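Q: Please take a close look at one part of the structure shown here.

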Amino acid sequence: MTVQELINKGKFKPINIGSNLDQQIAEPFCCDLLSIAMGKAPSGSAWVTVMGNINTLAVAALTDVACIILAEGVMFDDATLEKAKSQDITVFGTDEHIFDAALAIHNFLHE
Amino acid sequence: MLNDELHLSYQILGDDFTRAGEASSDVKHKLKMMGISPETVRRVAIAMYEGEINMVIHADGGTIDVIISPSEVKLILKDKGPGIADIELAMQEGYSTAPDNIRSLGFGAGMGLSNMKKYTDEMDIETELGVGTTVTMTIKI
């Protein structure tokens with residue numbers, strides 16, 4: 001499943017659409033501690049988190065995750081949203097719990 | 001491919017969390033452009049970012065020199081911070097001296113130095129209390 005195909009599913013609300021629409025999503029990854037995500041986030045993963053600050057973007061960019069999914073209704077503030085745009089990082093939002101959002105990704109990948 | 005060494009230098013500001021990671025992103029971008037393998041680029045980016053964020057949190061900033069040669073990337077992070085009292089303890093996963101406001105940003109899990117060690121081929125720490133810390137990391141290409 002590519003990032004574009006995840007957008008097409010309509011499951012998660014696109015908050016920012018980056019330029020990596022053709023990138024394959026490898027697996028879901030759940031983590032809210034940036035220190036751990038930095039070391040463990042698999043490249044190409046869909047990173048589901050409630051940690052929505054500007055450093056989340058830095059970690060996403062450096063680990064090459066395919067997209068960020070902000071769960072539990074978490075939203076970036078304006079400055080962070082601007083940074084996501086300038087860094088070209090694909091970000092989705094959902095009101096679902098982290099587990100449910102990650103499970104949806106898992107299920108899409110195993111359809 | 002590179003024939004000579006390329007030197008890059010960055011000034012890191014203390015307590016500036018909005019800009020933390022920009023130096024690492026810049027190095028990552030440049031390495032990518034040079035055609036270095038994605039796995040190597042990722043290792044450099046992670047190790048440098050951990051060092052960069054440590055400088056922002058603990059040391060009121062510092063400098064990072066990056067030396068890229070055909071065989072390796074060397075990262076030299078120098079600060080005039082408080083120094084590390086017990087390196088062995090600081091290297092342990094889960095040990096952290098980060099204050100609560102840092103933890104609320106998602107840092108302070110005590111993974112920084114161990115991540116740096118994990119993702120590099122060599123890591124050397126020179127530190128003196130009250131004087132500062134220099135971390136040198138080498139990633140083979």
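Which strands of chain A are included in what covers the buried residues of H5(A)?

A: The cover includes strand S2 (28–30), strand S3 (46–49) and strand S4 (67–70) of chain A. This is a predicted model, in which local features need pLDDT of at least 70 and side-chain atom pairs count only at pLDDT 80 or more, while totals for chains, interfaces and linings use all residues. Residues are numbered from 1 along each chain as its sequence is written, and chains are lettered from A and ligands numbered from 1 in the order in which they are written.

Helices (H or I, at least four residues) and strands (E, at least two) are DSSP runs numbered from the N terminus. Helix H5 of chain A covers residues 98–109, 12 residues in all. From first C-alpha to last it reaches 17 Å, close to the expected 16 Å, a span taken as 1.5 Å times one less than the number of residues.

Its buried residues (20 or more other C-beta atoms, placed from the backbone, within 10 Å of their own) are Ile98(A), Ala101(A), Ala102(A), Ala104(A) and Ile105(A). They lie on the same side of H5(A) because they cover an arc of only 150° around the axis, judged by the directions from the helix axis to the C-beta atoms. Phe99(A), His106(A) and Asn107(A) are exposed (12 or fewer such atoms) and sit on the face turned away from the buried side.

Methods. Two residues are in contact if their C-beta atoms, placed from the backbone, lie within 7 Å.
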